[in-house]
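Please open the model in your viewer and keep the selection tool at hand.

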Amino acid sequence: QVQLVESGGGLVQAGGSLRLSCAASGRTFSSYAMGWFRQAPGKEREFVAAISRSGSFTNYVDFVKGRFTISRDDARNTVYLQMNSLKPEDTAVYSCAAREVAAYIRNNCYQRISDYPYWGQGTQVTVSS
């Protein structure tokens with residue numbers, strides 16, 4: 001089992017940037033595909049970005065493409081979400097998620113909530129206008 005802890009959230013003005021981190025502990029981080037999701041008040045949790053186990057492939061929801069970048073550092077057991085050009089509608093609790101995958105599908109990315117068995121507690125991002 002893997003434990004996930006997010007950090008880096010906070011209050012930022014529209015147009016600003018934040019970098020979220022998700023530190024993993026437990027089993028081998030490099031065996032996991034990772035994802036970021038968010039949940040705004042009164043809304044359902046939604047997919048934001050994903051990165052494959054290999055780190056070679058990424059996937060983004062349309063409304064963050066060109067603004068957000070997901071990356072991973074297996075030496076630090078950490079996945080990041082760099083968020084630029086933030087908008088008030090990006091305000092949400094951001095959570096990272098992990099899915100252990102076999103080596104032969106190391107390039108797969110996953111977008112569904114149900115794809116991920118492991119979740120962090122989340123970090124609040126608030127973007128003021």
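**First stop: serine 85**

Select serine 85, which counts as partly exposed at 39% relative accessibility; this class lies between buried, under 20% relative accessible area, and exposed, over 50%, with a 1.4 Å probe and protein chains only. Serine 85 is placed in the loop between E8 and E9. Although serine 85 is not a glycine, its phi is positive, at about 50 degrees.

The model is predicted: local features need pLDDT of at least 70 and side-chain atom pairs count only at pLDDT 80 or more, while totals for chains, interfaces and linings use all residues. Residues are numbered from 1 along each chain as its sequence is written, and side-chain values use heavy atoms, with hydrogens and water left out.

**The whole chain**

Now display the whole protein as a cartoon. How many helices and strands does the protein have? There are 0 helices and 11 strands; helices (H or I, at least four residues) and strands (E, at least two) are DSSP runs, numbered from the N terminus. The order of elements from the N terminus is β-β-β-β-β-β-β-β-β-β-β.

Along the principal axes, the C-alpha atoms fill a box of roughly 45 × 30 × 25 Å. The radius of gyration of the protein is 14 Å, which agrees with the value near 14 Å for a compact globule of 129 residues. That radius is taken over C-alpha atoms, and the globule rule is 2.2 Å times the number of residues to the power 0.38.

Of the 129 residues, 43% count as buried. Show the surface next: its accessible area is about 6600 Å², and 44% of this belongs to carbon and sulfur atoms. Such areas come from the Shrake-Rupley method with a 1.4 Å probe, and for residues only the protein chains shown count as cover.

**The nonpolar core**

Select Met34, Trp36, Leu81, Met83 and Tyr94. Of the 38 residues in the largest nonpolar core, these five touch the most other members. A nonpolar core is a set of buried Ala, Val, Leu, Ile, Met, Phe, Trp, Tyr and Cys residues joined through side-chain atoms within 4.5 Å. Several strands each supply at least two residues of this core, among them strand E1 (2-7), strand E4 (32-39) and strand E11 (123-128). In soluble globular proteins, nonpolar side chains tend to be buried together.

Select alanine 49 in strand E5. Is alanine 49 buried or exposed? Alanine 49 counts as buried because its relative accessibility is 0%. Its contacts (heavy atoms within 4.5 Å), leaving aside neighbours within four places in sequence, are Met34, Gly35, Trp36, Asn59, Tyr60, Ile70 and Leu81.

From this list, move to asparagine 59, placed in strand E6 (residues 58-60). Asparagine 59 counts as partly exposed, with 22% relative accessibility. Apart from residues up to four places away in sequence, asparagine 59 touches Phe47, Val48, Ala49, Ala50, Cys109 and Gln111.

**Serine 95**

Continue to serine 95, which lies in strand E9 (residues 92-100). Serine 95 is buried, since its relative accessible area is 3%. Which residues does serine 95 touch, not counting those up to four places away in sequence? They are Glu6, Gly35, Trp36, Phe37, Arg45, Trp119, Gly120, Gln121 and Gly122. To place the last two stops relative to each other, draw a line between the C-alpha atoms of asparagine 59 and serine 95: they are 16 Å apart in space and 36 residues apart in sequence.

**Loops and the chain start**

Select asparagine 77, in the loop between E7 and E8. Its phi is near 55 degrees, a positive value in a residue other than glycine. Asparagine 77 counts as partly exposed at 27% relative accessibility.

Next, find glycine 15 in the loop between strand E2 (10-13) and E3. Glycine 15 counts as exposed, at 54% relative accessibility. Leaving aside neighbours within four places in sequence, glycine 15 is in contact with Ser85 and Leu86, which leads back to the residue of the first stop.

Finally, select glutamine 1, in the segment before E1. Glutamine 1 counts as exposed, with 57% relative accessibility. The C-alpha atoms of glutamine 1 and tyrosine 118 are separated by 7.9 Å, although the two residues are 117 apart along the chain.
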